Amino acid sequence: MSNKRKVVKLTCIVCPIGCEIEVIAENGNIISISGNKCPNGEKYAKEEVFHPKRLAFTVLRCKNGTMPTVAVKTSKPVSKFLIPSIMKYLSNVEVSAPLNVGDVVVQNILDSGADVVVTRSVDLLECNS
Amino acid sequence: MYTYDLIVIGGGASGIAAAIKAKELGVKKVALVDEKSYLGGVLPQCIHSGFGLVYFKEDLTGPEFTEKLVQKAKKLSFDVYSDTFVFKIIYRDYFEKLVYAVSKHGIKKLKTKTIVYSAGCRERSIYEIGVVGSRPSGIFTAGEAQTLMDIYGIMPGKNIVIVGSGDVGLIMARRFALQGANVKAVIEIMPYPGGLTRNIVQCLNDFNIPLLLSHSVLRVIGKDRIEEVEVCKVDESKKCIEDSIFRIKCDTLIISAGLVPRVELLEDLGISIDPLTKSAVVNDRLETSLPGIFVAGNALVVNDLVDYAVEQGEVAAQGASEFVFNNGISAAQWKKIKLNGNIRFFVPQLISGERDVIMYGRVISPEEKVKLEINEIKKEISFFRVRPSEMIRLRLNKDELSSVKTKSLTFSISKRSE
């Protein structure tokens, strides 16, 4: 099979409109992308066919904070297949308050090129003893 | 007693936006009352992205959206009562409403000219969806599970069955899967999913979680902790097909069976309720049948996007400021919105025709190649497809409305002729 033609039907997840996109690829090269209503959809479809990526989100245990956890995300989309390992790694990470939105808690997580950044600020818990 | 021009009840997205907008419009004394210790409503626990594409033109997580809104609010001066739960509203007269709330410091009695009621919605519970059997531990609503996991860092269980395929249920399916739980199935009684397609893709398909459409959970089995659920296929009239019953082992059952606006306090006041939205009948400033009381956000209509909740908060605040400065909301004649065809509801239900209005609606069932017609203004909008899970939002300009002489406007959705 020298001429491997692949037709992939996708639902775009960039925004809630959810365009139905059709990608036609041959020998690992994209021939056409149709159905998207915006350029973001084209970019998404290109990546989704060969290198699907997602942002990862979770919460980390947080000491001395006004909330027991801090919400975090990866600073950019990472390979979908790396996410389970990222989640496992982060389940063992504990941080301390205070933390602000945008603070980096893990740099270049598992060599993905993405940092893990805070999305929900946590203030230091004042002890009134 | 404290006296305000506006009291906003509920500190979620629409409530914060209402308080901000009212201050920007020059309303002097504004208070925001919220039952929780932190602002943002459900946003701080929605740690995934997809928020704010319309309002902030950025893809933000729920907590990031809250932070941006709160930062905006901090630049303006209004009173915030956190950990304060409103339990009674009294309509004294046109210019005087009383708000009673309980707080750490005792009962508070606040006086105000106007109210923006933005107390959000509540989740339907297992008691409302006809599931019989025992009531062991391990049964949570999706929102409860989300609070446990993403605010308190507590994992509710390991083997999960989710009832209902609305967006909250789908998001929780992914959340559980990411955290290493085994999500056995998402069970939906309707023949089509309740949530947005993008959430089916990124929450279920990404993790190979089965979606059982036209299926229903019949019974909970378990003594101390839930052990199994009994599931069956249903026919078109949602009746159980006898020989299709099977069981799924699980230790956790998540109920994601829809949201209902929280308007008990308004019902007690005797305001008109629309049976279609289960919330207040409102005019184009989102004012209820009681002058000076406005409703916004999910307390008015369960929204798909936080951006819409914010937008409604701002419209209600616009109304409150007009009420304060002009002694009421004016209209020569309120025109009723009538519905025809594949439409579940549209809000607002009354429009003046004297100002722009943003209409929010939903269809009853999925359909392709349809048109929305408003005959009185000769407007026709085409849709490639409509789905109950996707809200329809449209803006009507005062110019196109000004010519209308009838007492009503009829919205109808029907099949487009090719």
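Two residues are in contact if their C-beta atoms, placed from the backbone, lie within 7 Å. This is a predicted model: local features need pLDDT of at least 70, side-chain atom pairs count only at pLDDT 80 or more, and totals for chains, interfaces and linings use all residues. Residues are numbered from 1 along each chain as its sequence is written, while chains are lettered from A and ligands numbered from 1 in the order in which they are written.

**View 1. Helices α1 and α2 of chain B pack against each other.** Helices (H or I, at least four residues) and strands (E, at least two) are DSSP runs, numbered from the N terminus. From α1(B), B:A13, B:I16, B:A17, B:A19 and B:I20 meet B:L69, B:V70, B:K72 and B:A73 of α2(B). This contact divides into eight nonpolar residues, no polar and one charged (Ala, Val, Leu, Ile, Met, Phe, Trp, Tyr, Cys and Pro count as nonpolar, Asp, Glu, Lys and Arg as charged, and the others, Gly among them, as polar). The axes of α1 (residues 13-24) and α2 (residues 62-74) of chain B come within 10 Å and cross at roughly 25 degrees. That makes α1(B) roughly parallel to α2(B) (angles under 35 degrees count as roughly parallel, over 145 as roughly antiparallel, 65 to 115 as roughly perpendicular and the rest as oblique). Axes are lines fitted to C-alpha atoms, for helices over the stretch in contact, and angles run from 0 to 180 degrees between N-to-C directions.

**View 2. Five strands of chain B form an open sheet.** Their order is β25-β23-β30-β27-β28, with mixed pairing. Strands β25 (350-351) and β28 (379-386) are the edges, each pairing on one side only. Strand β27 (residues 367-374) pairs with β28(B) in the antiparallel sense over seven bridges. Within β28(B), B:I381 is the bridge partner of B:L372. Strands pair if DSSP finds at least two bridges between them.

**View 3. Chain A touches chain B.** The contact takes 22 residues from chain A and 23 residues from chain B. On the chain A side, β5 (57-63) and β6 (69-74) each give two or more residues. Strand β5(A) gives the most, with four residues. The chain A side divides into 11 nonpolar, six polar and five charged residues.

View 4. A cis bond joins A:A97 and A:P98, with omega about 0 degrees. A:L110 is not a glycine, yet has a positive phi of about 45 degrees.
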